[in-house]
Amino acid sequence: MTTTTRTPVGHAATARPPASRPGTSRSGTATAVAVLTVALLGSVVAGISLGSAVIPLPDTLRYLGAALTGGTIGAEDVTQYSIVWDVRAPRVVLAAIVGAGLSVIGVAVQAMVRNPLADPFILGVSSGASVGASAVVSFGLFAGLGVYALSTAAFLGALLASALVYAAAHTRAGLTPLRLVLTGVALAYGFQALMSVIVFFAPFGETARSVMFWMLGSLGSATWQSLPVAAGAVVVAVVTLLRSGPSLDVLAMGDESAAGLGLDTTRLRRMLFLLTAVVTGALVSVSGAVGFVGLVMPHLVRIVAGASHRRVLTIAPLAGAVFLVWVDLASRTMFAPRELPLGVITALVGVPVFVLLLRRRGYLFGGR
Amino acid sequence: MDVALDDVTVEIAGTALVRRLNLTVGAGDVVGLVGPNGSGKSTALRCIYRALEPTTGTVLLDGSDIGGLSLRNSARAVAAVTQDGSPELDFTVTEIVELGRYPHHRGGAALGRRERDVCAEAMHRVGVTHLADRGVLSLSGGERQRVLIARALAQEPAVLVLDEPTNHLDVRHQVELLSFLRTCGLTVVVALHDLNLAAAACDRLAVLRDGTVADDGPPSDVLTPDLIDRTFGVRPDIVRHPVTGVPQLVYHLGPDEPTPGGTHP
């Protein structure tokens with residue numbers, strides 16, 4: 001505690017070597033971003049080229065070039081061009097957007113409630129959305145909106161659920177982490193029960209299956225028209241959260257320390273809550289509830305990048321995007337022509353990888 | 001910079017945790033808050049570092065109401081070492097200490113050279129420079145506490161508030177920490193459980209009982225068998241420290257206490 005040299009030297013002798021973390025320096029982060037950007041571009045092209053019908057890479061690139069630059073293609077190529085540009089490209093881009101969004105929102109939620117088990121769906125967003133979606137699938141709610149009925153109902157359900165969780169969790173002392181988690185989990189059970197009732201009374205037998213498939217996540221309905229809202233939401237999320245990086249670091253110190261460092265924790269939590277509700281709602285409405293990505297991507301990124309939120313939030317969207325592009329590819333090729341729900345693949349692939357990484361790198365979250 | 005709590009009352013859910021508490025801490029003084037569990041020590045401190053608004057009364061910094069400052073501005077003057085424990089995330093020691101610059105630093109720019117120097121100096125003063133790149137979750141309790149103090153020093157505060165900083169520390173780290181508080185030159189308000197360490201470290205002690213100050217003065221005036229009995233419900237003997245002369249409390253455990261002569265009398 002004093003400035004004598006004895007203390008440091010005495011401790012240095014017993015110091016363990018620092019854990020190696022390739023992404024913790026500024027140049028390390030830049031390298032990770034560069035590598036992941038290249039990987040993302042490659043993954044997107046691969047995702048568009050591969051599928052139940054493989055379209056050779058040169059052709060894929062030619063079609064993409066034609067579509068992006070307004071070039072022309074021959075009449076015999078129209079079918080393949082349509083697969084590349086109208087079917088696969090929006091789907092793969094949506095996979096990247098959803099993967100990026102769920103990853104950064106996962107980081108935000110874990111910071112907001114200071115809980116490593118939190119994911120974007122912990123605030124009842126996905127179960128609320130599923131109530132809206134099942135109402136559409138079962139009873140044709142919002143039929144006037146045509147193809148947008150499902151996503152509109154899901155989005156409204158998500159927002160309504162979040163508003164209820166907020167109202168129930170908010171006290172005069174502001175938003176406390178544990179209250180938020182407990183309220184979110186409890187209300188999620190309520191929404192799931194409501195969804196079950198709706199499905200149970202649905203007039204068509206296929207309803208349960210459709211709802212379940214939607215719940216587990218699918219990008220099958222992606223069109224270019226469904227992208228802008230989700231893309232906008234994710235961009236807003238990434239920019240806002242990157243700006244809040246230091247505040248998120250301070251929040252991680254605990255609420256008492258955060259107050260001592262001059263952070264208004266209630267205001268920050270309110271902002272994070274709103275961001276989570278809107279962005280997750282937007283993502284769920286176009287892709288269903290893709291589990292696991294938002295829970296695990298933040299941890300995987302922290303294992304290589306360390307705890308600093310700004311670094312994690314720089315790398316996580318790219319890593320999440322790459323991951324979900326490949327997950328989507330697997331979902332539509334493994335049992336082609338049948339598709340698996342995304343949530344099945346994310347769990348089957350992600351869980352073993354996550355467990356291995358946790359064990360290998362001496363990753364510490366909440367002590368040893 | 002001096003700190004004063006002026007007639008501060010804190011009520012939460014109808015219960016008064018602190019009642020009409022008055023306390024003045026002069027610039028550069030080290031004042032200890034002592035008292036039994038639940039006597040309001042932490043609550044009083046939380047009002048100073050703005051984790052809590054007093055229900056009535058004011059906290060004054062150099063005579064002006066701290067409630068009129070933004071949280072950020074008061075964090076430039078008052079730094080706190082709280083009982084939060086460690087973060088769940090494995091930040092490096094340097095990253096934690098650099099968060100001390102948060103109240104001075106708006107927006108996202110990287111820390112400048114001077115700011116990094118301030119952090120390095122803070123780490124040097126508490127002897128954690130060699131831990132700079134270590135993850136905080138791999139540190140011992142004593143090392144972690146010193147990192148938190150370095151973070152507080154990096155805030156360049158005039159006032160340092162510590163809530164039972166010696167908890168979970170071994171005796172060497174307790175002594176080092178308190179001797180640091182005596183020499184750091186800041187206005188210090190510290191809640192302590194150990195009355196003997198409090199007597200040795202503090203210029204003045206404020207004894208809290210039921211949310212209010214029961215007695216306030218130099219340790220030798222405050223630490224009397226009667227006051228300790230009234231406040232804590234135990235009656236110690238008071239002796240003088242053989243070197244410094246500050247009062248030290250020794251306790252008699254009753255007829256079964258072993259005596260130096262051997263077994264029971």
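**Close-up 1. A:Val93 lies within helix H4 of chain A, which spans residues 78-113.** In this predicted model, A:Val93 has 21 C-beta neighbours inside 10 Å and therefore counts as buried, the threshold for that class being 20 or more. Once the neighbours within four places in sequence are left aside, the residues in contact with A:Val93 are A:Val44 and A:Leu227. A:Phe121, which is 28 residues away from A:Val93 in sequence, is 22 Å away from A:Val93 in space, taken from C-alpha to C-alpha.

**Close-up 2. Helices H5 and H6 of chain A cross with their axes within 7 Å of each other.** Helix H5 of chain A comprises residues 125-139 and helix H6 of chain A comprises residues 149-169, and their axes cross at roughly 140°. The pair H5(A) and H6(A) is therefore described as oblique, since only angles over 145 degrees would count as roughly antiparallel. The crossing of these two helices, H5(A) and H6(A), is right-handed. On the H5(A) side the contact is made by A:Val125, A:Ser127, A:Gly128, A:Ala129, A:Val131, A:Gly132, A:Ala133, A:Ala135 and A:Val136, while H6(A) contributes A:Ala149, A:Leu150, A:Ala153, A:Ala154, A:Leu156, A:Gly157, A:Ala158, A:Leu160, A:Ala161 and A:Ser162. Sorted by class, the residues in the contact of H5(A) with H6(A) are 14 nonpolar and five polar, with no charged residues.

**Close-up 3. Helix H8 of chain A, residues 207-216, contains several buried residues.** The buried residues in H8(A) are A:Val211, A:Trp214, A:Met215 and A:Leu216. After H8(A) comes A:Gly217, which has a positive phi, near 100°.

**Close-up 4. An open sheet in chain B is built from four strands with antiparallel pairing.** The strands of this chain B sheet follow one another in the order S2-S1-S4-S5. Strand S2 (15-25) and strand S5 (64-65) of chain B are the edge strands, each of them pairing on one side only.

Note on methods. Residues are numbered from 1 along each chain as its sequence is written. Chains are lettered from A and ligands numbered from 1 in the order in which they are written. This is a predicted model: local features need pLDDT of at least 70, side-chain atom pairs count only at pLDDT 80 or more; totals for chains, interfaces and linings use all residues. Axes are lines fitted to C-alpha atoms, for helices over the stretch in contact, and angles run from 0 to 180 degrees between N-to-C directions. Angles under 35 degrees count as roughly parallel, over 145 as roughly antiparallel, 65 to 115 as roughly perpendicular and the rest as oblique. A crossing is left-handed if the near helix is turned anticlockwise from the far one by less than a right angle, and right-handed if clockwise. Two residues are in contact if their C-beta atoms, placed from the backbone, lie within 7 Å. Ala, Val, Leu, Ile, Met, Phe, Trp, Tyr, Cys and Pro count as nonpolar, Asp, Glu, Lys and Arg as charged, and the others, Gly among them, as polar. Two strands pair if DSSP finds at least two bridges between them. A residue is buried if 20 or more other C-beta atoms lie within 10 Å of its own, exposed if 12 or fewer, and partly exposed in between; C-beta atoms are placed from the backbone.
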